[in-house]
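Subject: Structure handover

Hello,

Here is the structure I promised to pass on. My notes follow below it.

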Amino acid sequence: MVFQKLLIPNFRTVLSRHGNQVQHQVPIQMKRFLKDPKKFYKNVSISKADGLFEINLDKNKLKTPFGTLFRVPTEPLAVAVATEWDSQKEMIKKHSMYLTSLCNTAIDNPTERSKETVIQSVLRFLETDTLCFRLDEPPELAELQTNHWDPVIQWFNDRYSADIKPTTGIISPTIAEETLENLKGHLRSHNEWALVGIESAVHSLKSLILAFALIDRRVDPETALKLSWLELEFQVAKWGRVEWSHDVEFADLKARVSAAGLFIHMVLEKTETIQKMTS
């Protein structure tokens, strides 16, 4: 309990000051907390209480970094999280447990943000959306952007009654107030859990448009990421890649984007396993 009292206030202070990025000047207690611990359990199971689903590690209840009982709203999400914990080997690789991490964010809300604050954060990405910024030179890249990005923007405009137009140079695109209100209304229709996943997808793809296309199953995670990396991949094809670096980063982002997409759909789907009656 003494350790927890020391850790939690420091953890909350660092996150609230610097967003979701943990800075280099981390309290000693947190450094210990962030180290990969040894696997201390053999069996993972799921139980239901008060309409929510809990994860059991042997006889212990899983808890969040803030010590809150880990509870998720749907059974599919509980099964997915339990699978993450069950797949751990000798050490618990927290950095690779993307669904668990998203759940922890939704439960603990470490930066204490309201639903409206999250919505505003998501909408701000439209001003710097990757798909909205184009280059005139070289012509080959401009053509790639037109051929691959324009259809997605057109779909987005039709689907969400928006009026997004790409821009060239460093000038941000002008977003009509009506478009913002339409998107705001759509985001408000989602619960706080889904918004955590949406924001994660937007951050990973650097694009609200691509994140919405992913959520609507217009594109799969790999296609969404390739569209987000279109300019980078063009430069890599021309000048060569840093050995391993690009592939590792792409694989990590693909996992994050996939987790965000799954997370959103699983928190919105009310599906339960029905036990078959025996005679």
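**Salt bridges and what surrounds them**

Aspartate 36 counts as partly exposed, at 28% relative accessibility (buried means under 20% relative accessible area, exposed over 50%, partly exposed in between, with a 1.4 Å probe and protein chains only). Before going on, note that this is a predicted model, where local features need pLDDT of at least 70, side-chain atom pairs count only at pLDDT 80 or more, and totals for chains, interfaces and linings use all residues. Residues are numbered from 1 along each chain as its sequence is written, and side-chain values use heavy atoms, with hydrogens and water left out.

Aspartate 36 has a salt-bridge partner, lysine 93, and their closest N and O atoms are 3.6 Å apart. (A salt bridge is a side-chain nitrogen of Lys or Arg within 4 Å of a carboxyl oxygen of Asp or Glu.) This pair links distant parts of the chain, 57 residues apart. Lysine 93 sits in the loop between helix 3 (75–86) and helix 4 (98–108). Aspartate 36 sits in the loop between helix 2 (28–34) and strand 1 (44–49). (Helices, H or I of at least four residues, and strands, E of at least two, are DSSP runs numbered from the N terminus.) Lysine 93 is partly exposed too, with a relative accessible area of 36%.

By this rule the count comes to 13 salt bridges. Two others are worth a look.

- Arginine 71 pairs with glutamate 54, with closest N and O atoms 2.7 Å apart. Arginine 71 is in strand 4 (residues 71–72) and glutamate 54 in strand 2 (residues 52–57), so the bridge ties together parts 17 residues apart in sequence. Arginine 71 is partly exposed at 22%. Glutamate 54 is buried at 4%.
- Arginine 113 meets glutamate 199 at 2.5 Å, N to O. Arginine 113 lies in the loop between helix 4 and helix 5 (115–123) and glutamate 199 in helix 8 (residues 192–205), so this bridge ties together parts 86 residues apart in sequence. Arginine 113 is partly exposed at 26%. Glutamate 199 is buried at 8%.

Salt bridges also link Asp50, Glu54, Lys61 and Arg71 in a network.

**Core**

In soluble globular proteins, nonpolar side chains tend to be buried together. Here the largest nonpolar core has 43 residues. (Such a core is a set of buried Ala, Val, Leu, Ile, Met, Phe, Trp, Tyr and Cys residues joined through side-chain atoms within 4.5 Å.) Among those with the most contacts inside it are Phe156, Ile164, Ile198 and Phe212. Several helices each supply at least two residues, including helix 6 (139–159), helix 7 (177–188) and helix 12 (245–268). Which helix gives the most to this core? Helix 9 does, with eight residues.

**Cavity**

The structure holds one cavity of 30 Å³ or more. (On a 1 Å grid over the protein atoms alone, a cavity is a set of points where a 1.4 Å probe fits but cannot get out; lining residues have an atom within 4 Å of a point.) The largest cavity has about 30 Å³ of space. Tyr160, His186, His190, Ile198, Phe212 and Ile215 line it. That lining divides into four nonpolar residues, two polar and no charged.

**Cysteines**

There are zero disulfides (a disulfide is a pair of cysteine sulfur atoms within 2.5 Å). Cysteine 103 is buried at 0% relative accessibility. Cysteine 132 is buried, with a relative accessible area of 0%.

Best wishes

Conventions
On a 1 Å grid over the protein atoms alone, a cavity is a set of points where a 1.4 Å probe fits but cannot get out, and a pocket is an open set with protein on both sides within 12 Å along at least five of seven lines; lining residues have an atom within 4 Å of a point. Grid points are joined across faces, edges and corners, and a volume is the space filled by probe spheres set on the points. Ala, Val, Leu, Ile, Met, Phe, Trp, Tyr, Cys and Pro count as nonpolar, Asp, Glu, Lys and Arg as charged, and the others, Gly among them, as polar.
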